[in-house]
Amino acid sequence: MEAVPLLLDCCNIDARNPLIMQWTILALRNLCEDNPANQEIIRNYTRVGVVENSVLQEMGVTLHEDEEGRKMGIVPLPREEKS
């Protein structure tokens, strides 16, 4: 049960390991499969907010929340118009 917070700490996008989030999601899925205790731990977590990430900006994307704050996604940064 102490593995859930450790795995969630790995969800930061890292230029040296760009697939870390996908591997973390797979690990969390396997950790929660047929395990009501781990599912309950995750169910009781609350999202605190969105963190600005310089690695995302270098990649030309940013995080976007919907109006209700229920869904979050990665979207391209607006392009600067050249004069």
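Trainee: What is the mean pLDDT of the protein chain, and how many of its residues reach 70 or more?
Mentor: The mean pLDDT is 79, and 87% of the residues reach 70 or more. pLDDT is the predictor's confidence in each residue, on a scale from 0 to 100. This is a predicted model, so local features need pLDDT of at least 70 and side-chain atom pairs count only at 80 or more, while totals for chains, interfaces and linings use all residues. Residues are numbered from 1 along each chain as its sequence is written, and side-chain values use heavy atoms, with hydrogens and water left out.

Trainee: Which elements have the lowest and the highest mean pLDDT?
Mentor: Helix 4 (residues 54-58) has the lowest, at 77. Helix 3 (residues 36-43) has the highest, at 90. Where pLDDT is low, the predicted coordinates should not be read in detail.

Trainee: OK, layout. How many helices and strands are there?
Mentor: Four helices and two strands. From the N terminus, the order is α-α-α-α-β-β. Both kinds of element are DSSP runs, numbered from the N terminus: helices are H or I with at least four residues, strands are E with at least two.

Trainee: What share of the chain is buried?
Mentor: Buried residues make up 13% of the 83 residues. Buried means under 20% relative accessible area, exposed means over 50%, and partly exposed is in between (1.4 Å probe, protein chains only).

Trainee: And what does the accessible surface come to?
Mentor: About 7200 Å², with 55% of that belonging to carbon and sulfur atoms. Areas come from the Shrake-Rupley method with a 1.4 Å probe; for residues, only the protein chains shown count as cover.

Trainee: Which residues form the nonpolar patch on the surface?
Mentor: Leu-8, Ile-42 and Tyr-45, with about 230 Å² of accessible area together. Patch residues have over 30% relative accessible area and no salt bridge; like charges are joined within 9 Å, and nonpolar side chains (Val, Leu, Ile, Met, Phe, Trp, Tyr) within 5 Å.

Trainee: Where is Leu-8?
Mentor: In helix 1, residues 3-9. Leu-8 is partly exposed, at 33% relative accessible area.

Trainee: Switching to charges. How many salt bridges does the structure hold?
Mentor: Two. The criterion is a side-chain nitrogen of Lys or Arg within 4 Å of a carboxyl oxygen of Asp or Glu. One joins Arg-29 and Glu-33, at 3.5 Å from N to O. Arg-29 is partly exposed at 47% relative accessibility, and Glu-33 is partly exposed at 45%.

Trainee: Which residue does Arg-43 pair with?
Mentor: Glu-40, with the closest N and O atoms 2.5 Å apart. Arg-43 is exposed, at 54%, whereas Glu-40 is partly exposed, at 35%.

Trainee: What about the backbone? What is phi of Asp-34?
Mentor: Near 55°, a positive value in a residue other than glycine. Most residues other than glycine have a negative phi. Asp-34 is in the loop between helix 2 (20-32) and helix 3. Asp-34 is exposed, with a relative accessible area of 75%.

Trainee: Last one. Is Val-55 buried or exposed?
Mentor: Buried, at 18% relative accessibility. Val-55 is in helix 4. Val-55 and Asp-14 are 41 residues apart in sequence, yet 6.9 Å apart in space, C-alpha to C-alpha.
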